[in-house]
Amino acid sequence: KQALPPLLLIPLVENAFKHGVSETRDRPSVTIHLSVKSRILLFIVENSTGEPAGDANIKENIGLSNLRRQLALLYTNYSLDIRPGDFTFTATLKINLDSHV
């Protein structure tokens with residue numbers, strides 16, 4: 001019973017397939033977790049990658065940039081954490097739904 005703007009979460013799922021699973025040759029995987037507790041939405045997308053984590057900076061393409069901009073316009077209390085790991089990549093979005101503008 002929580003309202004969200006249409007397609008808000010899609011960029012994270014799309015990136016998991018576009019930049020992760022499609023480039024993973026051995027055991028590709030995507031795990032998606034969505035929960036809402038006390039009006040706090042938690043959305044975690046973890047995908048396999050074809051390489052171990054490196055020291056390289058994360059390059060944010062247009063999808064993540066647009067998502068950050070949309071979140072800033074819609075909410076005052078949110079966080080978007082992007083983390084590469086060894087052969088995995090995790091995006092964690094946390095939104096206080098009461099902070100909707």
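This is a predicted model: local features need pLDDT of at least 70, side-chain atom pairs count only at pLDDT 80 or more; totals for chains, interfaces and linings use all residues.
Helix α2, which runs over residues 62–74, has 13 residues and reaches 18 Å from its first C-alpha to its last, close to the 18 Å expected at 1.5 Å a residue.

- The buried residues of α2 are L64, L67, L71 and L74. Seen down the axis of α2, these buried residues fall within an arc of 95°, so they line one face of the helix.
- On the face of α2 that is turned away from the buried side, the exposed residues are I62, R69 and L73.
- The cover over the buried residues of α2 includes α1 (10–20), β3 (78–85) and β4 (88–96).

**Two antiparallel hairpins**

- Strand β1, residues 30–37, pairs with strand β2, residues 40–48, in the antiparallel sense over eight bridges. Within this pairing, T31 has E46 in β2 as its bridge partner.
- The hairpin of β1 and β2 has two residues between the strands, and in this hairpin S38 takes a positive phi near 50°.
- Strands β3 and β4 likewise pair in the antiparallel sense, over eight bridges, and here the bridge partner of S79 is K94 in β4.
- In the hairpin of β3 and β4, which has two residues between the strands, F87 takes a positive phi near 65°.
- I82 lies in strand β3 and counts as buried, because its relative accessibility is 11% and buried means under 20%. I82 and I95 are 13 residues apart in sequence, while their C-alpha atoms are 15 Å apart in space.

**The largest nonpolar core**

- The largest nonpolar core has 18 residues, of which L12, L71, L80, L93 and I95 touch the most other members. At least two residues of this core come from each of α1, β2, α2, β3 and β4, and α2 gives the most, with four residues.
- In soluble globular proteins, nonpolar side chains tend to be buried together.
- What does L80 contact, leaving aside its neighbours within four places in sequence? L80 is in contact with L12, L64, L67, R68, L71, T92 and L93. Among these contacts of L80, L64, L67 and L71 are also buried residues of α2.

**Salt bridges**

- A search of the whole structure finds two salt bridges.
- In one of them, the side chains of D98 and R39 meet at 2.7 Å, N to O. This pair links distant parts of the chain, since D98 is in the segment after β4 and R39 is in the loop between β1 and β2, 59 residues apart.
- D98 is exposed, with a relative accessible area of 54%, whereas R39 is partly exposed, with a relative accessible area of 33%.
- D81 also forms a salt bridge, with R83, and the closest N and O atoms of the pair are 2.5 Å apart. D81 counts as partly exposed at 29% relative accessibility, while R83 counts as exposed at 54% relative accessibility.

Conventions. Residues are numbered from 1 along each chain as its sequence is written. Side-chain values use heavy atoms; hydrogens and water are left out. The expected span of a helix is 1.5 Å times one less than its number of residues. Buried means under 20% relative accessible area, exposed over 50%, partly exposed in between (1.4 Å probe, protein chains only). The arc is that of the directions from the helix axis to the C-beta atoms. Contact means heavy atoms within 4.5 Å. Two strands pair if DSSP finds at least two bridges between them. A salt bridge is a side-chain nitrogen of Lys or Arg within 4 Å of a carboxyl oxygen of Asp or Glu. A nonpolar core is a set of buried Ala, Val, Leu, Ile, Met, Phe, Trp, Tyr and Cys residues joined through side-chain atoms within 4.5 Å.
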